[in-house]
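Please read it alongside the sequence and the coordinates.

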Amino acid sequence: MRKFGTAAILAGGKSTRMGFDKQLLKINEKKLIDKLVSKLSVEFEEIIVVTNSPEYYLDFNFKVVKDIIVEKGPLSGIHAGLKESNSQFVYFIACDMPNINLKYIRYMKYKIRDLDMDIKACVTRFGVNIEPFNGFYSKDIVLDIEDYLAQGKRSLNQLIKQLQTYYVEEEEARMFSPNWDMFLNLNTKEDLEYFLKDNCNIS
């Protein structure tokens, strides 16, 4: 039976374009990462934050872990999250993605459960491109990640293409997010300003 009880938030990026650590992003005076945890807790029993600044989370009630294989980008965080997870499949999102879509998460769970084949990832396609986050990965790819990184490679999207991956197509995903905001990243201060302007009443 495929288990889906874990969500992991990747919070280990360098935040160079934002100008400050995105783990500290606030929306209406509340940390964005706290909002993500609160919403994900509705759907997941276990929440993991993967960070290289665990001192930010001394009062955090969920699991906080550091990269095991360091300085390898998002794959380092996915690897650590999968290693620490109690579930077979782990939902991954980045700490700068403010829009959690629980209906879409449930839809992906349903699709994975309904498949007759074993898969290692479930992500969404955007045209010919891949949305690697707001997606699920199996613990079975831990060794794949380790082998891939040992070869000096670090592109998450290229690894996904090598795995047994189920793709939700863009047209299908837009039924849940017509404006594609469930994949929004707040990469710069300008992104943050636009988001706050459009979501001034967000709680």
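**Overall fold**

In this predicted model, the secondary structure of the protein comprises seven helices and nine strands. Its radius of gyration is 16 Å, close to the 17 Å that the globule rule gives for 203 residues, so the protein is as compact as a globular protein of that length.

**Extent and packing**

- Taken along the principal axes, the box filled by the C-alpha atoms of the protein is roughly 45 × 35 × 30 Å.
- Of the 203 residues in the protein, 51% are buried.
- When contacts between residues at least 6 apart in sequence are considered, 73% of them join residues at least 24 apart.

**Surface and charge**

- The protein exposes about 10,500 Å², and carbon and sulfur atoms supply 47% of that area.
- There are 28 positive and 29 negative side chains in the protein, and the centres of these two sets lie 1 Å apart.

**Helix 4 and its surroundings**

- Helix 4 spans residues 142-150, and within it Val-142, Ile-145, Tyr-148 and Leu-149 are buried.
- Seen down the axis of helix 4, these buried residues fall within an arc of 130 degrees, so they line one face of the helix.
- The exposed residues Leu-143 and Ala-150 are carried on the face of helix 4 that is turned away from its buried side.
- The cover over the buried residues of helix 4 includes helix 2 (74-84) and helix 5 (156-162).
- Just after helix 4, Gly-152 adopts a positive phi of about 85 degrees.

Conventions:
Residues are numbered from 1 along each chain as its sequence is written. This is a predicted model: local features need pLDDT of at least 70, side-chain atom pairs count only at pLDDT 80 or more; totals for chains, interfaces and linings use all residues. Side-chain values use heavy atoms; hydrogens and water are left out. Helices (H or I, at least four residues) and strands (E, at least two) are DSSP runs, numbered from the N terminus. The radius of gyration is taken over C-alpha atoms; the globule rule is 2.2 Å times the number of residues to the power 0.38. Buried means under 20% relative accessible area, exposed over 50%, partly exposed in between (1.4 Å probe, protein chains only). Contact means heavy atoms within 4.5 Å. Accessible areas come from the Shrake-Rupley method with a 1.4 Å probe; for residues, only the protein chains shown count as cover. Lys and Arg count as positive and Asp and Glu as negative; His and the chain ends are not counted. The place of a charge is taken as NZ of Lys, CZ of Arg, CG of Asp or CD of Glu. The arc is that of the directions from the helix axis to the C-beta atoms.
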